[in-house]
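Subject: Handover of a structure

Dear colleague,

Please find below the structure that I am handing over to you. I would be grateful if you kept it open while reading the notes after it.

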Amino acid sequence: MPRDYFGEHVAARYDETSADMFEAAEVEPVVNFLAELATDGSALELGIGTGRIALPLSQRGIRVHGIDLSEAMVARLQAKPGAEQIGVTVGDFATTTVEGRFSVAYLVFNTIMNLTTQDEQVACFHNVASHLQPGGCFVVEVSIPDLQRLPPGETVRPFTVSATRLGFDEYDVAAQGLISHHYWIDDGKLETVSMPFRYVWPAELDLMARLAGMSLRERWSDWKREPFTSDSREHVSVWEKTTPQAMK
Ligand SMILES: C[S@@+](CC[C@H](N)C(=O)[O-])C[C@H]1O[C@@H](n2cnc3c(N)ncnc32)[C@H](O)[C@@H]1O
């Protein structure tokens, strides 16, 4: 089982520190996008967390099931109204299986990068394919690696700088990895969290999808379907399950 980086320390403040991501302007386009793809009314969320997307999607009448490694994050979800409609399995979303087949599976907010090896990311695509109905879709929202903004010889990029919070990504280009270092002040005390990621390019994700019997159906730069271009900082990609027999 991978290490849980979303224990009590992070889960207790997750909704507050990600407050901008819980705004209706952020959530509604995601829910609209996913609801359209949930053609038979079922959805599987990998890394369901505290239910930022799962709860409003479930409130649209969609049967949502989630997988998450963190019991602390799941406990926050389960304390919210409406959570009783959502099934949750605690486990690693690269390998954990759940009952049923879904018309859409989704992995948002850069969470594919929480799998820190290529093998785990490939396994995740296979696992998703095995949970999709034929013609079902896998949706991933993830940043484009920020390497164009990393000056030659440098390894660190700031992603948040404010009076109360600092965040830096430390890149290991040879290993295609990065560590996000977070620092914030809580009750006058300095708190820190450092979390490892494996960044991944769109073309590599397309190949992982192909290995799992899926092919690219759509790629946008955001949930409102703005075109994906050379300047896009993130992408929302949709792969469709096309082949019943996936290659390992
Ligand atoms: C950035 S949070 C996103 C939560 C939620 N999807 C959202 O959009 O607010 C990432 C979540 O993925 C979970 N996670 C990370 N790696 C995981 C893994 N390998 N298996 C299952 N859950 C994982 C974490 O515990 C955390 O709840």
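The model is a predicted one, in which local features need pLDDT of at least 70 and side-chain atom pairs count only at pLDDT 80 or more, while totals for chains, interfaces and linings use all residues. Residues are numbered from 1 along each chain as its sequence is written.

I begin with strand β4 (residues 102-107). Helices (H or I, at least four residues) and strands (E, at least two) are DSSP runs, numbered from the N terminus. Six of the six residues of β4 are buried, so this strand is largely enclosed by the rest of the structure. A residue counts as buried if 20 or more other C-beta atoms lie within 10 Å of its own, as exposed if 12 or fewer do, and as partly exposed in between, with C-beta atoms placed from the backbone.

Strands of a sheet pair through backbone hydrogen bonds, either parallel or antiparallel. Here, two strands pair if DSSP finds at least two bridges between them. β4 pairs with strand β1 (residues 42-46) in the parallel sense over three bridges, and Y106 in β4 stands opposite E45. β4 also runs parallel to strand β5 (residues 132-143), to which five bridges join it; F102 has L132 in β5 as its bridge partner.

Y171 has L178 in β8 as its bridge partner.

The ligand is surrounded by 20 residues, and the closest are F6, G47, G49, R52 and S70. The shell comprises 12 nonpolar, five polar and three charged residues. Ala, Val, Leu, Ile, Met, Phe, Trp, Tyr, Cys and Pro count as nonpolar, Asp, Glu, Lys and Arg as charged, and the others, Gly among them, as polar.

Finally, where is K80 found? K80 is in the loop between α5 (71-78) and β3 (87-90). K80 is partly exposed, having 14 other C-beta atoms within 10 Å. The C-alpha atoms of K80 and E23 are separated by 17 Å, and these residues are 57 apart along the chain.

Yours sincerely

Terms used. Near = placed C-beta within 6 Å.
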